[in-house]
Amino acid sequence: MGLWPVVDRYAFLNLTGLKANPSLGGEPYLLTLAGLLLAGIGASMVIAAIRRDIAFEVFAIGLFTALSLAGTDIVFVIERSIPLLYLLDAVAESLFVTLWVFAIRDLRRARQIPAAPAPPAVGTTTAVPGETDATG
């Protein structure tokens with residue numbers, strides 16, 4: 001979705017409407033920059049998911065980006081600065097947050113190494129097959 005304002009800014013603005021700040025709708029630089037940054041973040045997360053090797057840093061960037069976008073959507077819809085359509089984006093971002101939390105939880109569980117057996121308690125002996133202890 002980040003590439004949409006880069007590929008066709010006018011279609012993006014026709015659906016989402018002009019922004020309260022005229023520079024956002026009138027300045028292609030800001031739309032292009034935001035779109036490319038979001039596309040880069042999204043591509044990195046997709047690559048990590050395909051490789052099933054999600055570093056904590058990728059998880060953190062994905063989580064904080066999604067939370068930031070959802071929060072911004074909600075606040076500006078409440079202020080009536082952007083159309084209600086942006087609440088759909090907030091729902092999608094919330095879904096991404098949920099999926100990433102489950103994905104990182106599952107990967108962390110899969111990577112856990114079984115714990116080594118606990119050492120014997122002090123004062124106890126461990127029998128080795130074929131040996132006798134000092135008392136017998």
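**Exercise 1. Identify the buried residues of helix H6 and check the length of the helix.**

Solution. The buried residues of H6 are Tyr86, Ala90, Glu93, Val97, Trp100, Ile104 and Leu107. Buried means under 20% relative accessible area, exposed over 50%, and partly exposed in between, with a 1.4 Å probe and protein chains only. Helices are DSSP runs of H or I with at least four residues, strands are runs of E with at least two, and both are numbered from the N terminus. An α-helix has 3.6 residues a turn, so residues three or four places apart point the same way.

For the length, the expected span is 1.5 Å times one less than the number of residues. The 26 residues of H6 should therefore span 38 Å, and the separation of 37 Å between the end C-alpha atoms agrees.

The model is predicted: local features need pLDDT of at least 70, side-chain atom pairs count only at pLDDT 80 or more, and totals for chains, interfaces and linings use all residues. Residues are numbered from 1 along each chain as its sequence is written, and side-chain values use heavy atoms, leaving out hydrogens and water.

**Exercise 2. Describe how H5 and H6 pack.**

Solution. Begin with the geometry: the axes of H5 (residues 56–78) and H6 (residues 86–111) come within 8 Å and cross at roughly 155°. Axes are lines fitted to C-alpha atoms, for helices over the stretch in contact, and angles run from 0 to 180 degrees between N-to-C directions. H5 and H6 are therefore roughly antiparallel, the class for angles over 145 degrees.

Next, list the contacts, defined as heavy atoms within 4.5 Å. Residues of H5 including Phe59, Leu63, Asp73 and Val77 meet residues of H6 including Tyr86, Asp89, Trp100 and Ile104. The residues of this contact divide into 16 nonpolar, no polar and three charged. Here Ala, Val, Leu, Ile, Met, Phe, Trp, Tyr, Cys and Pro count as nonpolar, Asp, Glu, Lys and Arg as charged, and the others, Gly among them, as polar.

**Exercise 3. Determine whether Asp73 and Leu37 are buried or exposed.**

Solution. Asp73 lies in H5 and is buried, with a relative accessible area of 7%. Not counting residues up to four places away in sequence, Asp73 touches Ile82, Tyr86, Asp89 and Ala90.

Leu37 belongs to helix H4 (residues 28–51) and counts as exposed at 52% relative accessibility. Its C-alpha atom is separated by 7.5 Å from that of Gly2, 35 residues apart along the chain.

**Exercise 4. Summarise the chain.**

Solution. The protein chain has six helices and zero strands. Of its 136 residues, 22% count as buried.

Terms used: Angles under 35 degrees count as roughly parallel, over 145 as roughly antiparallel, 65 to 115 as roughly perpendicular and the rest as oblique.
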